[in-house]
Amino acid sequence: MPEPVKKAEALAEAPAEAPAESAAEPQPAPAPEQTPAPPPAETPTVDQTAAPPPDAPPAEDGQPPDTRQDLTGLFTERPQSGEVTVGGNITFVAKVNAESLLKKPTIKWFKGKWMDLASKSGKHLQLKETYDRNSKVYTFEMQVIAAKANFAGGYRCEVSSRDKFDSCNFELTVHGELDRNIFVFHSVSSSEPDVDVWDILSAAPASEYQKIAFQYGITDLRGMLKRLKKMKKEEKKSEAFLKKLDPAYQVTKGHKIKLAIEVANPDVDVKWLKNGQEIHPTGRYIFESVGNMRYLTINHCSLSDDAAYSCVVGEEKCTTELFVKEPPIQIVKNLEDQMVMKGERVELECEVSEEGANVKWEKDGVELTRDESFKYRFKKDGCKHVLIINEATKEDCGHYKVKTNGGESVAELLVQGELKAKDQAVFKCEVSDENVRGTWYKNGVEVKSDTRINITHIGRIHKLTIDEVKPEDEGDYTFVPDGHAFNLSAKLNFLDPPKIHLDCMGRTAESTIVVVAGNKLRLDVPITGDPAPTVIWTKGEKVVTEGDGRVHVETTKGHCVFTIEGAERQDEGVYSVVVRNPAGEDTADINVKVVDVPDPPLAVRVVSVGEESCIVQWDPPLYDGGQPIIGYVLERKKKKSYRWMRLNFDPYPETTYEAKRMIEGVAYEMRVYAVNGIGMSRHSLSSHPFVPVAPTSEPIGLCVDDISDTCISLKWRRPERIGSAELEGYGVEYCKEGSKSDEWLPATEGLTDRTALTIRGLTTGDKLQFRVRAHNMAGPSAPATLAQPVTIREIMQRPKIWLPRNLRQTLIRKVGDTVNLVIPFQGKPRPQVTWSKEGEPLKPPFASVRNSEVDTILFIRKTDRQHSGKYDLQVQIENVEDTASVMLQVVDLPGPPEALKIMDVWGFNVALEWKPPKDNGNCEISGYTIQKADKKTMEWFTVYEQYRRTNCVVSDLIMGNEYVFRVYAINLVGLSQDPCNTKDSAYIQKTGIAYKPPSHKDHDFSEAPKFTHPLVNRSVIAGYNATLSCSVRGIPKPKVTWYKNKMDISNEAKYRMLSKQGVLTLEIRKPCLFDGGVYTCKAVNASGEDIVECKLEVRRKYPIPPNGQKNLSLQF
């Protein structure tokens, strides 16, 4: 260890350098040649109030500055100051890491201290935010578009999340021209000359604006610039004012000012306004009216009087700006020189003339700011301003200066070293003359030489040496030269090794400190040591500092306090406290456990639903908060609602819960909270929406549709009750007779949406039971089961042809039509099907036949006359057969009539006669069409249509014209293609040639009604339309009436009566069993009446089999 030496010169210096152990200070001093960069002009410190934004209201008296500091360090990237020209764009970016945040951070952008920019978004300002899910980083952007000159100034970005907060200040500089004409103020009530602030500002960079404002007492620089810029308007001649207010006035704080105007009308009343609000006369505001002059006097001006003032006369107004200038701040109490020991607390204190004044601190000409280690602290208490250095080091020696805009004060700080026990202390001083003698004193008592204390004088050097320093040697040592009025002093301190006094230390359960997350963690550790030891807190290998804002480390006499505001999960671990001083060090470990509410439960799912209930399951949280899980709390809500309803108030210990009392058909969501001894977690993610529904009723009508040696066909009908959920399908299962009830095997993979199913691949001879269940969201319904097991084997069934009703009558088709006859049949095993026509088998060129297990199809693509005839169908199984016949009639247009002759001509009439055509088109001729034509024009006109006889008389012919005639034959298909024309013509003679017809007696054609075709008894099936037909003749046409069981049914809607060409038809629509009976048709005319009747039997659609007889036949 080097020998410490103390050299006394003009002033006593500290002892020599401390031992090597003391070099490991936690806060090394910066190199002397490094000059700290000045802070941004807009960054407020503890003793410096930031200027308000340009468009912010002026600060009121006593408004505290915004001294909020970064608390948590949420920013991963802070917005940086920038520069832009007028009209340009600039973007400021801030990034926040949300990995450790419980909720989305909230961002706010401010201009100055007050203006929230969220409401200013628009054409020139846009705020954006993005989120990167991979890195979990939020990016916030503030874009300034088409910047203007008044956008320049200080901005602040604040981010907060729950109990965490962070902020950052930055500057925007807008380059452009300023108007210098309005920066000359009229100084009122002051002896100082007018100051042109523009000349000063224009010659200085933007970074010096705050300094200039500080020097000249300008409290609202940007507000002044903005308001004065708005006032620059073109002067207009006023009719009400002879002399207006000047654009701006300036007054010193505490003085008075008089504003004067001259009006044109001496009798007019004026109003004075302050920031748009009318001013009323008070003790401070005095109104005067002298002739045409009007005065406003403001006494004892304060910062609140810094505003825009207006004088209103009628509709005209003149406005001025009043700026209140603070008087120079004087230093009332100067700083004092101090000499302290290394590691002691230093407080340099001064007092100024005004409360809340701004001051600046400098060390050796370099401005002091808050560095990262908070080495310097600035305290403001009324008029007092204090610079605090917590632990002084050798590097803190120097000259400290405090400056105001009205003065400055300087003091010197000296830091001395210390000694350990068993060291040698040497005090040495040099005088100007070697003949000068002197005396050494300790605390005012003269020091005498002994075995440990040695006093020597060699030349001009006087030395005091103390060997093996002891605690009692501590004190102030002074050398007093003989015959001189000054002395030199130095202090000797004795070091005591540091010691940590804790009852329990280590990592055992008994020594663990438990703290609830969010609460304050305070570790108060008693320590001793002289000098006061330096305290370092570490967690693992990392030194814990106050960088994140939540951590505070404080050392007082006898204690070191470690505090974490709002403890979090990552704060858990072993903390080590190390205390050091030049005499040694001591270490202790403290185990800290942070308990918290648990994480939310995971994977909330609904495993089943009922008519008004559901079963919910979830997984326990990954982190239980350091305390065992007590239980869970569940909530539910309707999907379209925002209101959650709690289902249980006591913690539920299981992870499966049955929720009841829900509404069927309404969609719900569920979420779960975990509860431990600390509290309740955040809610889990909501489950997928679900709908409480009940299973459907069982399918109905399950029966065997078909069966063979290896397969079976089942069919059933939909359930009677489906419910609010859609039917998803049917599940078909089977099991062998005698097996256990739970050995049901699925017949198909998944569900089928049809109501019929064929199950293949079964074993012949097995006796199986089948069941069908309907499925919906709630699950399967009750099963529908066959009444008894079914044996898998082929069943013999007689062949039977089910001839459709429309084929039991003659089938009429036109030439060229398509014929497609589908005729079902039954029979097991599969029968042999044969088609023939008039005894000859059908061949493919003539007609096509296609057969299946249950029906046969006869197909003729294009019919011809030769396809007419009788078709026989034979279905045969071994020697058992069944037959059926189908009559097909293919019809065509008829040929022309034959032998059309003019039989007689008389008057205006012509008698015609002809013969039927040779070819009737394979159907009955239904009538004829007779046409006439004048030989001059040969235009044909129809005389008769649907004329049934083969002779006629054409009347109403024109005299003098010659006519020819033709006749067309008509059948079911239509008119014949060619007519039959008369060979001769008929000439109608002119007047004068009278024709005397032969006289004859008129014949009586009247005839009593007579049925030419009676009604026939019929037997019909219920549900199919039935008709009763007969024909009648009589002249004149008889009136027809229908009766059922002698009751008139003419007005019944169920019946329809038709009459065509003497053929009478009664159509009964879908008769039922009650429509059977005796039907009567009665025809009446003037000559008489006739009656015909028949019986109608209506049979059931499905016959009822005899009792005890099982019918396994297929029904079609």
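How many disulfides does a search of the whole structure find?

Modeller: The model is predicted, so local features need pLDDT of at least 70 and side-chain atom pairs count only at pLDDT 80 or more, while totals for chains, interfaces and linings use all residues. Residues are numbered from 1 along each chain as its sequence is written, and side-chain values use heavy atoms, with hydrogens and water left out.

The search of the whole structure finds zero disulfides, a disulfide being a pair of cysteine sulfur atoms within 2.5 Å. Cys 311 takes part in no disulfide, since the nearest cysteine sulfur, that of Cys 318, is 5.1 Å away. Cys 311 has a relative accessible area of 0% and is therefore buried; buried means under 20% relative accessible area, exposed over 50%, and partly exposed in between, with a 1.4 Å probe and protein chains only. Cys 429 is likewise classed as buried, at 1% relative accessibility. The accessible areas come from the Shrake-Rupley method with a 1.4 Å probe, and for residues only the protein chains shown count as cover.

Charged pairs come next. Side chains of opposite charge can pair when their charged atoms come close. The structure holds 36 salt bridges, each defined as a side-chain nitrogen of Lys or Arg within 4 Å of a carboxyl oxygen of Asp or Glu. One of them joins the side chains of Arg 671 and Glu 635, with an N to O distance of 2.8 Å. Arg 671 belongs to strand β51 (residues 668-676) and Glu 635 to strand β48 (residues 629-638), so this pair ties together parts that are 36 residues apart in sequence. Strands (E, at least two residues) and helices (H or I, at least four) are DSSP runs numbered from the N terminus. Arg 671 counts as buried because its relative accessible area is 11%, and Glu 635 is buried at 7%.

A salt bridge also forms between Lys 637 and Glu 669, whose closest N and O atoms are 3.6 Å apart.

Another salt bridge joins Arg 771 and Glu 733, the closest N and O atoms being 2.7 Å apart. Here Arg 771 lies in strand β57 (residues 767-776) and Glu 733 in strand β54 (residues 729-736), and the pair links distant parts of the chain, 38 residues apart. Both Arg 771 and Glu 733 are buried. Elsewhere, salt bridges that share partners join Lys 274, Arg 284 and Asp 305 into one network.

Some charged residues instead belong to a surface patch. Lys 800, Arg 805, Arg 808, Arg 1018 and Arg 1099 form a positive one. Patches consist of residues with over 30% relative accessible area and no salt bridge, where like charges are joined within 9 Å and nonpolar side chains (Val, Leu, Ile, Met, Phe, Trp, Tyr) within 5 Å. Lys and Arg count as positive and Asp and Glu as negative, whereas His and the chain ends are not counted; the place of a charge is taken as NZ of Lys, CZ of Arg, CG of Asp or CD of Glu.

Ser 1019 is in strand β79 (residues 1018-1021) and is partly exposed, at 35% relative accessibility. The C-alpha atoms of Ser 1019 and Val 1098 are 5.9 Å apart, although 79 residues separate them along the chain. Phe 825, in strand β63, is buried with a relative accessible area of 1%. Phe 825 and Trp 802 lie 5.4 Å apart, C-alpha to C-alpha, and 23 residues apart in sequence. A cis peptide bond with omega of about -5 degrees joins Lys 828 and Pro 829, and Pro 829 is in the loop between β63 (819-828) and β64 (832-837). Ile 1035 and Pro 1036 are also joined by a cis peptide bond, with omega about -5 degrees; Pro 1036 occupies the loop between β80 (1026-1035) and β81 (1039-1044). Lys 1046, in the loop between β81 and β82 (1047-1048), has a positive phi of about 65 degrees although it is not a glycine. Lys 1046 is exposed, with a relative accessible area of 78%.
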